[in-house]
Every structure is written in C-alpha cells, then in structure tokens.
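Have a go at each task before you read its solution.

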Amino acid sequence: MARHNLCTVVSFEVTRTLKKKQFWLTTLLVPVVIGIVIALIVLSNTSTESKVDSQKDATLRFTYSDASGYIDPAIATAFGGTLAADPDQAIADVKSGVSAAHFSYPAQPTKEATTVYGTDVGIFDNGKYSSVATQLMVASAQAKIGDPTLTGLARGSFQVDAVTYKDGAVSGGILGAVAPLLFLLIFYVVIVMLGNQMLTSTLEEKENRVTEMILTTLNPTTLIMGKIISLFIIGIVQMLVFILPVLVGYLFFRTSLSLPDVDLSQLIVNPGQMVVGALLLIGGFTLFMGTLVAAGAIMPTAKEASQVFGIVMALVFVPLYAVSLVVSDPHALIVQLFTFFPYSAPVTAMLRNGLGSLSPLESGIVIAELFLLGGIVLRLAVQLFRYGSVEYTKRVSLRTVFARSRR
C-alpha cells in the first residue's frame, strides 16, 4: 500500500508539473536563448569568412621606413610595401588620404614600439594595419635566420608532453579531473534548478488548505519522499532540454563556433573517484533537499520561505571563494573547515575529489556525515511537515513540534 501511495505521489507531482505552461516556458527559455546565440555566432562567422575569402587576393598598399635594417625589401614588396624616401611626407600622405598606410620601424624593435599610420576604415578593419606590420617583421626575421626549424623553436612552436606520477602510478592530471568534477556540476545544476521548487512544493498544499485531506490518506514520509523523487525526475527532464542545443551546436556547428574537438578517449576515469563523487552528490542532495523541505514546513507562505533559499544558495557558493586555496593548499585550515562543515562539505569535497587531494579517510568521514545528517534532517522535515502542514498564519515552533513528538 505504501509503495502504491509513493508511486501515486510521484506520478501526480511529475504530471502536474509537466502540464504547467509556466514550467515549459521557463525550461525552454534557456535552450531557446542558447539556440539564438548559436545562430547569431554561426551567421556572424559565416559572414566574416566570406569577407576574408573575398579579400584574400586584395593587397594592402603601404609605405614603410626601416631604421632597424631588419626588413627584407623583397618580402616588403611582396606584401605590397614601398620604401618611403621621406617618412614625414609619407605620414602626411596618409593624413591627406593619398596613401593607405605607413609603417615606421624603429632602430630597436624589441625595445621601441613600431608606429603604424593608416586611413580609418572602421573599428574592426583598422586592425589589419598592425597585423600586416607584424607579419612583415616576422617574415623578414625568419628569412634572416634561414632555418625554419630554428625559427619555430625561437617562437616556442614545439610540443611538450608532461607525464606525472602519484604513488608510483601515472596521474591523470587535468584529464583525470574532468569526469569526477561532473558530479559537482550536476550538484549545482540540481540545487539551482530544483531548490526553490522543493522549498515551495510543500507549501502549495498548505496555501491551498488541502493538507488535512492529503494527510488523511497519505503518510507524511511517503508524501515527502514522493515529492523529492518527482523533483529529481523533473530535474533530469530540464537538464536533457538544456543539453540538447549544446549537443546540436557541438555536433553540427563546431567549426563555426570555434569549439575544440574533444577526444573523449583521452579522458582518464578513476573508478574510486567516480564512486566517491556519486556518493557525495547523493549525500549532499539529500542534506540540502531535506533542509529546504524542513524550511518549507516551518514557513506559512512561499514568500517567507524564499528567504531561506537565499541562505542555502550562499552556503553552496561560499566554498568557491576559496577555490584557489583548495587547489594550492588543500590542507589549509579554512579548506579543512569547508570540507567537514556539512553545508559546505559537498562542494568542497567534490572539488577536492576531482583534483585528487581528498584522502580515503576524509572522503569516508564526509560521506558518512552527509548521509547521517541528511537522514536526520529528512526525518525532522517529516515531523515538521506533520505538525506544521496545518499552520497557516505563523511559523511553526520547533519546541512545540518536539514536545508533541515526545507525547
């Protein structure tokens, strides 16, 4: 019977939410905005590529003066340049519009700035003058060196592969942190999207004055668990809707959006880190959802309950202010406090787990703490809802609830 009631609650809550126009308007707003941004970027990049292609054969005509002696006259001519007999007159010609541009190379290019004079052709197209002046100097320097390999080395154009070891085995580095840090991303998405809804979901029946009827047929525990499960299902639906435009953009417009081609085969997945990350996610979700349900059971209206949501969000984001210390010195006192304080533990522990600085002992303590406290808070939330669901005008007194529970 209890299982039947739980399924009924979950089915009712999910169906009721998915039938709301406001839910779909809010949910679809994000992917629609992402789609519009992707379309604008694709159109802009397509226009830019067409403009670049149309100007490939166009040559910039300019004059130049070279006090350094590094500019190769033959290369300058190929670029469209002409050595100016009188630099001052060349600058005057640019001012009057007779000449398009003039490049003035100083005696010591590494210590003095090269000055570029050009006709204003727009805030974006003006950058071509500096680009051509730089390319001309680079090409001339490469020609003087004469060895393409040596030129590349001088410019730092060579690859370095780093292999690091931890406890005698090759460590994953940043590629090993990507997979476990996904749990942290999921945690933030779930809390941000579902937190306020979980806070107010128990208040809907209270504000509609129907909780007395509901509690005559349902156990409060069944009702609360049904709401939590239904919200988690709704959160999965929202995440799938959010991810869809991102996947479409990556699969079909990766080149236009200048997105990197990620080789998923290079990612390193540590089973131990993944298990710890999953347990931290579930424990943290249980603790925060239980806290929000308890707050919703105490408050008489959704307006008053929304103040609690701000406090919860602050607790979730506070550890990010110490993220640099988490990375550089995970054993610092403030990091340890964030790791074991229940409401900052999920974020800090998942971050340290992804970076590989969370020891097995620490992970065990944090996971046990989250599940234990989460269970206690959920039990408290059920009790508060049992006695506070019919309190419509004022906040529920914890002392009164505990006194009734003992009786």
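## Exercises: one histidine and a pair of helices

**Exercise 1. Find the side-chain partners of H102.**

Step 1. Start with S65: its side chain makes a polar contact of 3.5 Å with the side chain of H102. A polar contact here is a pair of N or O atoms within 3.5 Å; within protein, one must be able to donate a hydrogen and the other to accept it, and residues adjacent in sequence count only if both atoms are side-chain atoms.

Step 2. Now look at T63, whose side chain is joined to that of H102 by a polar contact of 2.8 Å.

A word on the source: this is a predicted model, where local features need pLDDT of at least 70, side-chain atom pairs count only at pLDDT 80 or more, and totals for chains, interfaces and linings use all residues. Residues are numbered from 1 along each chain as its sequence is written, and side-chain values use heavy atoms, with hydrogens and water left out.

**Exercise 2. Is H102 buried or exposed, and where does it sit?**

Step 1. Locate H102 in strand β3, residues 101-105. Strands (E, at least two residues) and helices (H or I, at least four) are DSSP runs, numbered from the N terminus.

Step 2. H102 counts as buried because its relative accessibility is 0%. Buried means under 20% relative accessible area, exposed over 50%, and partly exposed in between (1.4 Å probe, protein chains only).

Step 3. Leaving aside neighbours within four places in sequence, list the contacts of H102 (heavy atoms within 4.5 Å). They include A84, P87, I91, V94 and Y117.

**Exercise 3. How many residues of helix α14 are buried?**

Step 1. Find α14 at residues 345-355; 10 of its 11 residues are buried.

Step 2. Check some names: among the buried ones are A345, V347, L351 and R352.

Step 3. Just after α14, notice that G356 takes a positive phi of about 80°.

**Exercise 4. How do the axes of α10 and α14 cross?**

Step 1. The axes of α10 (residues 271-298) and α14 come within 10 Å and cross at roughly 170°. Axes are lines fitted to C-alpha atoms, for helices over the stretch in contact, and angles run from 0 to 180 degrees between N-to-C directions.

Step 2. The two helices are therefore roughly antiparallel, a label for angles over 145 degrees.

Step 3. Pick out the residues that meet: Q273, V276, G277, L280, L281, G284 and F288 in α10 face P346, A349, M350, N353 and G354 in α14.

Conventions: Parallel < 35°, antiparallel > 145°, perpendicular 65-115°, else oblique.
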